[in-house]
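Subject: Two-chain model, handover

Hello,

Here is the model you wanted to look over. My notes follow below it.

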Amino acid sequence: MRRESSLIQRIVALAIFILLEIASLYMLRRNAPLQRMWVARAAHGIMGSIGGGTQRIGDYFSLKKLNQQLAEENAELRIQNAMLQEIAHQYKVDTMRYGIQKVRGFTYVPCEIRRISRGKQHNYMILDKGREDGILENSGIITPDGVVGIVEAVSAHYCYALSLQNTDISVSARFGEEGATGLLSWDGYSSNGALLREIPLQFKYEKGDTVYTSGHSLVFPPDIPLGVAGDSRVINGAVNEIKVKLFQDFTALRYVTVAYNNAQKEMGGLIK
Amino acid sequence: MKKTGFFAVYLILVVAQLLLSNYFHLSRYIMLSILPVMVLCIPLKVDTIPAMIIAFATGLTVDLFADGVIGLNALALVPVAFGRKEMIRLIFGEDLLSRGEDFSVRRSGLGQVIMAIAIAQALFLFIYIWADGAGTRPFWFNFTRFLLSEIVGVLVSLLVIDTLAPDSRK
């Protein structure tokens with residue numbers, strides 16, 4: 001009993017101590033501008049700590065509700081994901097079936113390489129699309145990393161193409177948007193090396209300049225980045241031959257796009 | 001000393017403190033105060049709550065009549081009253097409290113009395129200097145002020161303590 005009353009006395013004493021200190025601080029705050037800021041700063045700090053603490057406690061107790069909300073949101077997202085996957089699958093099927101897209105005078109058909117040769121002077125590749133899929137001879141074969149070949153022959157369901165790693169083919173290429181144009185062909189030995197020929201001597205370029213398709217060849221769309229320029233040498237004192245490091249890695253090639261110039265026949269007729 | 005006699009002396013010392021605060025400015029590094037020892041010497045029969053109220057009133061009186069910030073002495077003095085019994089228990093032992101006797105230099109020894117005054121003074125000065133600076137003064141200034149005020153305060157308090165806690169009160 002005595003201990004209880006002692007404890008109560010202590011609690012009351014503590015309460016009165018706090019009360020008197022608060023009263024002192026209040027008077028300090030009212031009577032001195034410097035102390036006013038000091039007390040206000042301390043009060044804000046304490047209130048911030050208390051506010052943060054109660055917020056954390058509140059957060060802890062609201063976790064169950066939050067978990068339930070998250071679970072419901074997860075379920076909804078799963079349904080949406082399943083729906084989107086279904087749409088994506090449908091789109092993929094449609095693209096495979098009707099994968100022909102026409103953009104800026106070219107018809108594009110996505111293809112997969114079924115067979116490809118490397119390590120020869122005259123490399124080739126066979127693609128899984130043919131005449132029935134809209135593939136035509138003399139179409140260009142491209143990837144996001146550059147040019148990979150030209151369609152040479154077409155059957156009903158497949159086509160045969162000459163790889164860029166074939167010394168028989170060359171691509172019309174240009175420095176930048178308005179630079180000199182020349183013919184780009186495989187250097188005959190390296191996996192990502194090519195030579196850009198017939199560049200006029202007066203044309204100045206920097207090593208590292210990007211080489212693009214020129215669009216002059218009727219086969220490839222213009223402005224496809226092919227590679228970057230390296231060293232050069234003068235041929236017969238008349239033109240430069242520049243080494244080009246291709247962006248395309250021919251060892252990791254599987255999906256390509258066949259691009260056919262819709263005006264090829266008409267323009268070809270004029271040339272003839 | 002009877003309680004009434006103690007409080008008469010106490011009031012005289014409050015006036016003395018007012019004179020010290022108003023007319024004895026030794027240095028900006030020295031804050032001369034006998035208030036902590038006055039609160040420490042409040043008879044042990046007076047409980048903590050009345051002691052705190054006395055301390056608050058004393059501090060406020062000095063704040064009002066001296067050239068200071070109102071509330072500053074009260075803020076620093078109330079904790080001395082709040083911790084007074086614990087300080088006495090710690091330094092003089094439980095026996096003194098259980099017997100309800102007050103301490104004095106002869107009864108408890110000079111060393112223990114100095115220690116009690118030093119702790120009370122330190123507690124008071126720590127809060128006073130901290131609140132007075134309001135976070136604007138450099139640490140070295142506050143520390144020097146605290147150290148010098150502590151030494152001077154303990155010395156002056158030793159002169160006062162015999163008036164407040166005379167051995168005749170045994």
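In chain A, 52% of the contacts between residues at least 6 apart in sequence join residues at least 24 apart. Two residues are in contact if their C-beta atoms, placed from the backbone, lie within 7 Å. In chain B, residues 24 or more positions apart account for 74% of the contacts with a separation of 6 or more.

Conventions. This is a predicted model: local features need pLDDT of at least 70, side-chain atom pairs count only at pLDDT 80 or more, and totals for chains, interfaces and linings use all residues. Residues are numbered from 1 along each chain as its sequence is written, and chains are lettered from A and ligands numbered from 1 in the order in which they are written.

Secondary structure. Chain A has four helices and 13 strands. Chain B has nine helices and zero strands. Helices (H or I, at least four residues) and strands (E, at least two) are DSSP runs, numbered from the N terminus.

Burial. Of the 272 residues in chain A, 26% are buried. For the 170 residues in chain B, the share is 38%. Buried means that 20 or more other C-beta atoms lie within 10 Å of the residue's own, again placed from the backbone; exposed means 12 or fewer, and partly exposed is in between.

The barrel. Six strands of chain A close into a barrel, in the order S7-S8-S9-S12-S11-S10, with antiparallel pairing. Neighbouring strands of this sheet are turned by 45° against each other on average, direction ignored. Axes here are lines fitted to C-alpha atoms. Strands pair if DSSP finds at least two bridges between them.

Strand S7 (residues 171–175) of chain A has four of its five residues buried. S7(A) pairs with S8(A) over four bridges, antiparallel. Arg174(A) has Thr181(A) in S8(A) as its bridge partner. S7(A) and S8(A) form a hairpin with five residues between them, and Gly176(A) in the turn has a positive phi of about 55°. S7(A) also has three bridges to strand S10 (residues 210–213) of chain A, again antiparallel. There, Ala173(A) is partnered with Thr213(A). Strand S8 (residues 181–186) has four antiparallel bridges to strand S9 (residues 193–200), both in chain A. Trp186(A) stands opposite Ala194(A) in S9(A).

The interface. Chain A puts 15 residues into the contact and chain B puts in 16. On the chain A side, helix H1 (2–31) and helix H2 (33–61) each give two or more residues. H1(A) gives the most, with 11 residues. That side divides into 11 nonpolar, three polar and one charged. Ala, Val, Leu, Ile, Met, Phe, Trp, Tyr, Cys and Pro count as nonpolar, Asp, Glu, Lys and Arg as charged, and the others, Gly among them, as polar.

The cores. A nonpolar core is a set of buried Ala, Val, Leu, Ile, Met, Phe, Trp, Tyr and Cys residues joined through C-beta atoms within 7 Å. The largest has 45 residues; Val39(B), Val78(B) and Phe124(B) are among those that touch the most other members. H1 of chain A supplies at least two residues of this core, as do helices of chain B including H3 (48–65) and H4 (72–82). H8(B) gives the most, with 10 residues. Val78(B) touches residues of both chains, including Phe17(A), Leu20(A), Met52(B) and Phe56(B), not counting residues up to four places away in sequence. Apart from this core lies another, of 43 residues, among them Ile135(A) and Leu196(A).

Regards

Key:
Axes fitted to C-alpha atoms, helices over the stretch in contact; angles between N-to-C directions.
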